[in-house]
Amino acid sequence: MMRALLICLVSYLATTNQAIFIKRCDLAKVLHEEEVEGLEGYTLSDWLCLASVESNFNLSKVNENADGSFDYGIFQINSHYWCNDFRSHSENICHMDCEDILSPTLLPSINCAKKIVSKTGGMKNWVEWRLHCAGRPLSYWMTGCHLG
Ligand SMILES: *[C@@H]1O[C@H](CO)[C@@H](O)[C@H](O)[C@H]1NC(C)=O
C-alpha cells in the first residue's frame with residue numbers, strides 16, 4: 001500500500017510541471033523565522049521585492065547567463081561566485097551545491113542570500129533589485145501578511 005502510494009507520488013511529480021512556487025506571505029513568514037530583518041538595514045519588504053523581481057517566487061528557477069554561469073532559485077544566486085554547479089569555475093563562497101539552493105525548504109537559498117547581503121554590503125549586487133526595488137516605497141509587499 002505504502003509502496004503503491006509512493007510510486008503514484010513519484011510518477012505524479014515526474015509528469016507534472018515540477019516548478020515549485022511559494023506564496024508571498026508564506027515567504028515572509030520563512031524569512032522572518034530565519035531572521036533576515038535588520039541585516040544591513042533591509043526589511044522583509046525588500047526581501048519580498050527581491051524574490052519577486054528575480055524569480056516571481058519560483059523556487060525552481062534556473063537561468064543561464066551570457067557568460068555561461070547559471071542563476072539558481074528564488075533569489076537567482078549565481079554559480080560563478082556563490083555556489084558550485086560543477087559546470088564552470090566557481091568561487092563557491094557559500095560553500096554549497098547550486099542544486100541545494102533549489103531546495104523546497106528554502107533554507108540553503110536564504111542562508112546564501114544572507115551571506116551575499118552581508119559580504120557585499122547589501123542587495124545592490126542584484127541588478128533587478130537595483131532597477132525595481134531600490135529606493136522605492138516597498139511596504140505594500142507585506143500587505144495582508146501576518147507573521148505570528
Ligand atoms: C519556474 O522555473 C523553472 C526552471 O527554470 C521553469 O522551467 C518554469 O517554466 C518556471 N515556471 C514559471 C511559471 O515561470
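Mentor: Contact here means heavy atoms within 4.5 Å, and Asn-78, once its neighbours within four places in sequence are left aside, is in contact with Asn-65, Ser-69, Phe-70, Asp-71 and Cys-83. This is a predicted model, in which local features need pLDDT of at least 70 and side-chain atom pairs count only at pLDDT 80 or more, while totals for chains, interfaces and linings use all residues. Residues are numbered from 1 along each chain as its sequence is written, and side-chain values use heavy atoms, with hydrogens and water left out.

Trainee: Why is Asn-78 called buried?

Mentor: Asn-78 has a relative accessible area of 14%, and buried means under 20% (exposed is over 50%, partly exposed in between, with a 1.4 Å probe and protein chains only), so Asn-78 counts as buried.

Trainee: What makes the link between the side chains of Asn-78 and Asp-71 a polar contact?

Mentor: The two side chains come to 3.0 Å, and a polar contact is a pair of N or O atoms within 3.5 Å (within protein, one must be able to donate a hydrogen and the other to accept it, and residues adjacent in sequence count only if both atoms are side-chain atoms). Asn-78 itself lies in strand β3, residues 77-78, where a strand is a DSSP run of E with at least two residues and a helix a run of H or I with at least four, both numbered from the N terminus.

Trainee: Which residues have the most contacts inside the largest nonpolar core?

Mentor: That core has 41 residues, and those with the most contacts inside it are Leu-27, Leu-31, Trp-47, Ile-74, Phe-75, Ile-77 and Trp-126. Helix α3 gives the most to this core, with six residues. It is called a nonpolar core because it is a set of buried Ala, Val, Leu, Ile, Met, Phe, Trp, Tyr and Cys residues joined through side-chain atoms within 4.5 Å. Leu-31, leaving aside its neighbours within four places in sequence, is in contact with Val-36, Leu-44, Trp-47, Leu-48, Phe-75 and Ile-110.

Trainee: How do you know which residues are around the ligand?

Mentor: A residue is near a molecule if one of its heavy atoms lies within 4 Å of it, and those around the ligand are Ala-19, Phe-21, Asn-58, Ser-60, Lys-61 and Val-62. A polar side-chain atom of Asn-58 lies 2.4 Å from an oxygen atom of the ligand, and a polar backbone atom of Val-62 is 3.0 Å from a ligand oxygen atom.
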